[in-house]
Amino acid sequence: MTINDTEKYDRFVDAIKLCLIRWRDGGIRDFAVIAKKLGISERTARRRFNTPGTLTLDELYAWCELYGKDPAAVLLQAFAEAGRDRQ
């Protein structure tokens with residue numbers, strides 16, 4: 001895989017990670033519960049949390065369901081953040 005604009009990609013992934021951090025801080029904190037919902041091991045859930053660029057769309061959707069978030073809104077917010085110019 002080749003990313004042409006790594007700075008925008010990094011902002012996109014950072015926006016997704018920020019969502020995951022906020023959701024976990026304000027709700028379900030147990031990685032065992034998260035892993036069960038995503039259908040993956042707890043170790044993989046932790047890895048996805050730490051490196052959200054590795055999340056599949058299925059996993060992101062399930063994560064959004066777990067926390068009652070709109071997946072489309074999450075992606076739109078991440079895309080908007082990626083498109084912002086750094087000053």
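How many aromatic pairs does a search of the whole structure find? The search gives three, where rings of Phe, Tyr and Trp (its six-membered ring) pair if their centres lie within 6.5 Å. The model is predicted, so local features need pLDDT of at least 70 and side-chain atom pairs count only at pLDDT 80 or more, while totals for chains, interfaces and linings use all residues. Residues are numbered from 1 along each chain as its sequence is written, and side-chain values use heavy atoms, with hydrogens and water left out.

A pair of aromatic rings is described by the distance of the centres and the angle of the planes. One of the three pairs consists of F12 and F79, whose ring centres are 5.0 Å apart and whose planes stand at 25 degrees, so the pair is stacked (planes under 30 degrees apart count as stacked, over 60 as edge-to-face and the rest as tilted). Because F12 belongs to helix α1 and F79 to helix α5, the pair ties together parts that are 67 residues apart in sequence. Helices are DSSP runs (H or I, at least four residues), numbered from the N terminus. F12 is buried, at a relative accessible area of 18%, whereas F79 counts as exposed at 52%; buried means under 20% relative accessible area and exposed over 50%, with partly exposed in between (1.4 Å probe, protein chains only).

The rings of F31 and F49 have centres 5.5 Å apart and planes at 75 degrees, so this pair is edge-to-face. F31 lies in helix α2 and F49 in helix α3, 18 residues apart, and the pair links distant parts of the chain. Both F31 and F49 are buried. The ring of F49 also has the charged end of K17 over it, 6.0 Å from the ring centre, and the charged end of R24, 5.5 Å from the centre. A charge sits over a ring if NZ of Lys or CZ of Arg is within 6 Å of the ring centre and within 35 degrees of the ring normal.

Helix α4 spans residues 57-67, and E59, L60, A62, W63, C64 and Y67 in this helix are buried. The cover over the buried residues of α4 includes α1 (6-26), α2 (31-38), α3 (42-50) and α5 (71-83). G68, which follows α4, has a positive phi, near 70 degrees.

How values were computed. Helix = DSSP H or I, 4+ residues; strand = E, 2+ residues; numbered from the N terminus. Contact = heavy atoms within 4.5 Å.
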